[in-house]
Structure formats: C-alpha cells, structure tokens
Amino acid sequence: MAHLTDRRSAETVSERRVLVVNTGSATLKATVLDLPDIEPRFETTVDWHADASDADRRATLQTVLLEGERAGIAPSTIDLVGHRVVHGGERFVEPVVIDEPILVELDGLAALAPLHDPVAVAAIRAARSRLADIPHVAAFDTAFHASLPEAARRYPVPDAWGERHGVRRYGFHGLSVAWSVGRAAALLDRPVGELRLLVAHLGGGCSVTAVDGGRSVDTSMGLTPLEGLMMATRAGSIDPGIVFHLLRGGRAADEIERDLDHRSGLLGVGGTADMREVLAAAEVGDERARLALELFARRAAAGIAAAATTLPSVDAIVFTGGIGEHATTVRRSICERLGIIGVPVGGDGDPGGGDQVLASAPRGPAVLRVHAREDVEIARSGVAAVTVLGR
C-alpha cells in the first residue's frame with residue numbers, strides 16, 4: 001500500500017489505481033482496479049456508437065466518470081488510464097505511453113482494423129481531454145503475437161503484397177491469451193516456460209492461439225480479425241473466390257465487407273448473434289440454430305486441431321471468452337470432435353463459471369476454463385510502461 005498525497009486528501013490506496021477503457025464498435029467498458037488487487041473497484045458498460053461525434057464521446061467519458069464518483073471513485077484518485085487498442089501494426093509491439101505523435105501514428109493504422117482502432121483512438125482522445133494530468137497507456141491485442149515465426153506470419157502470396165501493402169498475419173485477442181497463459185500455469189502448477197497450450201478465445205470474436213513457453217507460435221486471425229473461426233457476426237475463413245464472384249455479380253466491396261463483418265457467423269446461419277439464443281432455439285428444434293451450432297463446433301475444433309500441429313506436444317486446451325467459459329454444450333461438442341487427438345471431454349465445471357481444470361487425461365491434454373481478464377493485462381502493462389519512464 002502507498003500513501004499518495006499529491007492528488008489525494010490523506011487517502012490510503014493501492015499502489016496504482018488504474019482506469020481501464022476497453023472500447024468496442026458499439027460499447028465502451030470501463031473498469032477501475034487498485035493494483036495489485038485485481039478485483040474491480042468499479043465497472044460499467046455504456047453505449048458507444050461508431051458514428052458518434054467527438055462531443056458525444058467526451059460526454060460518454062464524463063458519464064462513466066460520474067458513475068465512478070457515485071461508486072466512490074473520484075477522478076482525482078486515478079493514477080493512470082489504460083486503453084485497449086486492437087491493432088498495433090508492425091510499429092507497436094509493446095504497450096506505449098500516449099502523446100500526440102503516438103495518436104497520429106495510431107490514426108494511420110485505422111485501415112488495418114476499421115471497426116476497432118478508430119473508436120479506440122476516439123476514446124483515447126476523449127479520455128485525455130477529461131483526465132489530462134495523468135499518463136494514458138495503449139495496450140495492443142496484436143502485440144502478444146509479435147513472436148510469431150516467419151512461417152506463421154507469411155501468407156503464400158507474392159512478395160510485393162507484403163512489401164507494398166503490409167499483408168501478413170498479425171493475430172488478435174493477445175491480451176486475453178496472455179492472461180489465459182498465466183492462469184493456465186497457476187491451475188496446472190507449472191511454469192509458463194515449460195507449457196505448450198492451445199488457447200481458444202470464443203466470444204463475439206473467436207480465435208485459437210498456439211503458445212509454446214509463453215510465446216505465440218501460431219494464431220487463427222490474420223491481417224484483420226475476419227480470418228479463422230466462425231464468430232458471432234463474422235464469417236471467419238471462406239474461399240476468397242466468393243468475394244470475386246460477388247464483385248463480378250455487382251455487389252459493392254463495402255457491402256461485402258459489411259456482410260462478412262456484421263451479417264455472417266452465428267447471425268447469418270442461425271438468425272441471432274447471441275449464442276445463448278442459438279442454444280435455446282436449438283433446444284426446441286430450430287434447424288437453423290442446430291446448423292449454426294454444428295458449423296461453429298466443427299470450425300472451432302478444426303482450428304484447434306490445426307494449431308496443435310505447430311506444437312511438439314500439447315499440455316492443455318484453454319477455453320476462454322463468453323462462449324468458451326459459459327457455453328458448456330458448445331465446449332463439449334468441440335472436445336468430442338477432438339477426441340481423435342486425445343482430448344478428453346471436459347466436465348460442466350462449477351455453474352458460476354471461473355477458472356478451473358475441467359478434465360485431464362494420462363496421455364492427452366487437460367481441458368481448462370479461464371475467465372477472460374483483459375482489464376488486468378491492460379492495467380498491469382500500463383503500470384509497467386509508466387514505471388520504465390519513471391512516472
């Protein structure tokens with residue numbers, strides 16, 4: 001515990017009080033952590049529309065801060081703000097303290113993640129305008145995958161695509177994967193450095209990452225978050241020829257992109273993007289919902305099996321994200337398909353969710369469930385970044 005008196009009236013607080021700002025295309029989630037304690041002191045989720053004005057975004061941040069004040073978190077007690085940024089490109093491979101030149105660089109990355117990075121940068125600007133006297137740190141979902149070997153980064157396309165257009169695999173969900181790796185080590189009581197893991201982040205977005213000794217060696221998402229597994233509203237990997245077929249048929253590129261990002265996946269097949277609703281519909285015999293579940297499980301299992309080929313062995317499969325943690329039926333269906341590579345069918349686990357070893361086998365990988373805590377990773381990386389600068 002530290003007693004900070006520069007901005008507080010004789011208040012004893014944790015070592016660092018961090019406001020974590022996690023922006024999505026439609027919502028903003030804010031969490032306050034008093035590190036080293038990782039239990040949230042305050043958290044809220046508010047609407048955050050992609051087409052909102054700068055004034056609207058500042059007003060949204062003000063609403064969040066007012067809610068925090070009502071919960072006993074005065075803005076003057078916040079030590080730093082950590083921001084999640086989805087795409088850091090090749091430039092940002094570790095957390096960075098934000099200033100105006102950094103913001104200009106982040107603006108330049110918008111084309112790589114047009115649904116995510118622009119709103120994250122807008123949130124940063126709004127937060128800096130309201131909390132101007134404390135450090136703001138950006139943590140990047142792509143940074144964990146900076147260790148990808150060339151064979152994983154490279155697409156089998158002409159060299160010029162990479163050299164002129166930056167076409168390569170970046171990978172996403174890195175903050176979630178980093179947290180899952182640490183929790184897996186704790187659950188298995190083994191050092192991170194000796195573990196070989198497959199982390200399946202299954203939520204609104206879905207991906208699989210192969211982790212060898214704490215390093216990402218393969219991941220299913222690519223240049224953008226569209227590649228890989230079937231997701232809530234994203235198609236995941238499809239034959240690229242489909243896009244050319246639609247273009248030649250008169251569909252506009254922007255419309256195809258919207259369909260693949262917002263109208264596909266569970267929504268496109270099952271009629272809803274909410275896995276809970278898909279499961280409920282399947283229970284009463286809805287054939288669209290049943291097909292959506294089968295497609296989802298088949299593609300997730302195939303992604304996990306493919307990632308397993310990049311590791312010399314597999315100690316555990318870690319399920320995380322909203323679906324990975326809570327959708328027992330889906331998790332079981334995926335594990336059943338992976339029985340051919342020795343994966344045991346995981347149990348239901350505690351009904352309340354949370355971190356747990358669900359199944360283990362003498363000669364196969366264990367099956368783990370981990371509650372995603374990107375907020376902790378963002379907060380810790382923010383503290384580390386400002387500490388390096390002596391702030």
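Contact here means heavy atoms within 4.5 Å. You're looking at a predicted model, where local features need pLDDT of at least 70 and side-chain atom pairs count only at pLDDT 80 or more, while totals for chains, interfaces and linings use all residues. Residues are numbered from 1 along each chain as its sequence is written, and side-chain values use heavy atoms, with hydrogens and water left out.

**Stop 1: Met 275.** Select Met 275 and show what surrounds it. Ignoring neighbours within four places in sequence, Met 275 is in contact with Leu 266, Leu 293, Phe 296, Ile 323, Ala 327 and Val 330.

**Stop 2: the cores.** Now widen the selection. A nonpolar core is a set of buried Ala, Val, Leu, Ile, Met, Phe, Trp, Tyr and Cys residues joined through side-chain atoms within 4.5 Å; buried is under 20% relative accessible area, exposed over 50%, partly exposed in between (1.4 Å probe, protein chains only). The largest such core has 41 residues, and Met 275 is among those with the most contacts inside it, as are Leu 202, Phe 296 and Phe 319. Helix α11 (287-308) is one of the elements supplying at least two residues, and α11 gives the most, with 10. Apart from this core lies another, of 30 residues, including Val 97, Phe 144, Ala 385 and Val 386.

**Stop 3: the six-stranded sheet.** Helices (H or I, at least four residues) and strands (E, at least two) are DSSP runs, numbered from the N terminus, and two strands pair if DSSP finds at least two bridges between them. Colour the open sheet in the order β11-β10-β9-β12-β14-β13; its pairing is mixed. β11 (215-219) and β13 are the edges, each with a single partner strand, so one side of each has no neighbour in the sheet. Zoom in on β10 and β11, which run antiparallel and are joined by four bridges. There, Ala 210 has Asp 218 of β11 as its bridge partner.

**Stop 4: strand β3.** Select residues 16-23. Eight of the eight residues of β3 are buried, so the strand is largely enclosed by the rest of the structure. Which strands flank β3? β4 (residues 27-35) pairs with β3 in the antiparallel sense over eight bridges, and β6 (residues 80-85) pairs with β3 in the parallel sense over four. For landmarks, find Asn 22 opposite Lys 29 in β4 and Val 21 opposite His 83 in β6.

**Stop 5: α1 against α3.** Finish with residues 54-70 and 117-130. Contact between α1 and α3 involves Leu 61 and Leu 65 of α1 and Ala 123 and Ala 126 of α3, among others. By class, this contact has seven nonpolar (Ala, Val, Leu, Ile, Met, Phe, Trp, Tyr, Cys and Pro), two polar (the others, Gly among them) and three charged residues (Asp, Glu, Lys and Arg).
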